[in-house]
Amino acid sequence: MWLYDFHYLWAAGRIAAGGGNPYDIATFSAVVRSSGFPITESIQPLTHAPWSLLLYAPFGLLDYQVAAIAWVILLAVSVVLSFGLLQRALKTDENRSILQM
């Protein structure tokens, strides 16, 4: 199941962006359930560090579906950029990449 834990991140961002406390389990549970994501397990409290809310809050300002698409785009861009950085780091003396086939 893709984006398995994104509904938790989105809910934390939604609460934080509204000035609430994402560590309050009652509030957190209500917002997680409002995401529309099928919840099959009991909702666990948020355990991420408070500074991580700086990343999640902008996504919390968006509707869940739009935020999920933006999250996937951010992840894809991160993978592409990471691959490019890795490729540059692994250049050989012959100025050819180890990753080239």
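What percentage of the contacts in the chain between residues at least 6 apart in sequence join residues at least 24 apart? The share is 55%, where a contact means heavy atoms within 4.5 Å.

This is a predicted model, in which local features need pLDDT of at least 70 and side-chain atom pairs count only at pLDDT 80 or more, while totals for chains, interfaces and linings use all residues. Residues are numbered from 1 along each chain as its sequence is written, and side-chain values use heavy atoms, with hydrogens and water left out.

**View 1. The chain and its helices.** The chain has four helices and zero strands, and from the N terminus on its elements run α-α-α-α. Helices (H or I, at least four residues) and strands (E, at least two) are DSSP runs, numbered from the N terminus. Buried residues make up 30% of the 101 residues in the chain; buried stands for under 20% relative accessible area, exposed for over 50%, and partly exposed for what lies in between, with a 1.4 Å probe and protein chains only.

**View 2. Helix H1 against helix H3.** Helix H1 (residues 6-17) and helix H3 (residues 53-60) pack with their axes 7 Å apart, at an angle of about 85°, which makes H1 roughly perpendicular to H3. Axes are lines fitted to C-alpha atoms, for helices over the stretch in contact, and angles run from 0 to 180 degrees between N-to-C directions; those under 35 degrees count as roughly parallel, those over 145 as roughly antiparallel, those of 65 to 115 as roughly perpendicular, and the rest as oblique. On the side of H1, the residues Phe6, Leu9, Trp10, Ala12, Gly13, Arg14, Ala16 and Ala17 meet Leu53, Tyr56, Ala57, Phe59 and Gly60 of H3. Sorted by class, the contact of H1 with H3 holds ten nonpolar, two polar and one charged residues, with Ala, Val, Leu, Ile, Met, Phe, Trp, Tyr, Cys and Pro taken as nonpolar, Asp, Glu, Lys and Arg as charged, and the others, Gly among them, as polar.

**View 3. Helix H1 against helix H2.** H1 and H2 pack at an angle of about 120°, and their axes are 9 Å apart, which makes H1 oblique to H2. The contact is made by His7, Tyr8, Trp10, Ala11, Ala12, Arg14 and Ile15 of H1 together with Thr27, Phe28, Val31, Val32 and Ser34 of H2. Eight nonpolar, three polar and one charged residues make up the contact of H1 with H2.

**View 4. Helix H2 and its two faces.** Within helix H2 (residues 25-34), Phe28, Ser29, Val31 and Val32 are buried, and the buried residues of H2 pack against H1. Alanine 26, also found in helix H2, is exposed, with a relative accessible area of 54%. The C-alpha atom of alanine 26 is separated by 9.8 Å from that of isoleucine 43, 17 residues apart along the chain. Just after H2, glycine 36 takes a positive phi of about 85°.

**View 5. The largest nonpolar core.** A nonpolar core is a set of buried Ala, Val, Leu, Ile, Met, Phe, Trp, Tyr and Cys residues joined through side-chain atoms within 4.5 Å. The largest one has 21 residues, and those with the most contacts inside it are Phe6, Trp10, Ala11, Ala12, Phe28, Val32 and Trp71. The elements that give two or more residues to this core are H1, H2, H3 and helix H4 (64-89), and its largest share, seven residues, comes from H1.

**View 6. Two residues of interest, alanine 11 and histidine 7.** Not counting residues up to four places away in sequence, alanine 11 touches Phe28, Val31 and Val32. Histidine 7 has its place in helix H1 and counts as buried, at 1% relative accessibility. With residues up to four places away in sequence again not counted, histidine 7 touches Val32, Ser35, Phe37, Ile39 and Tyr64.
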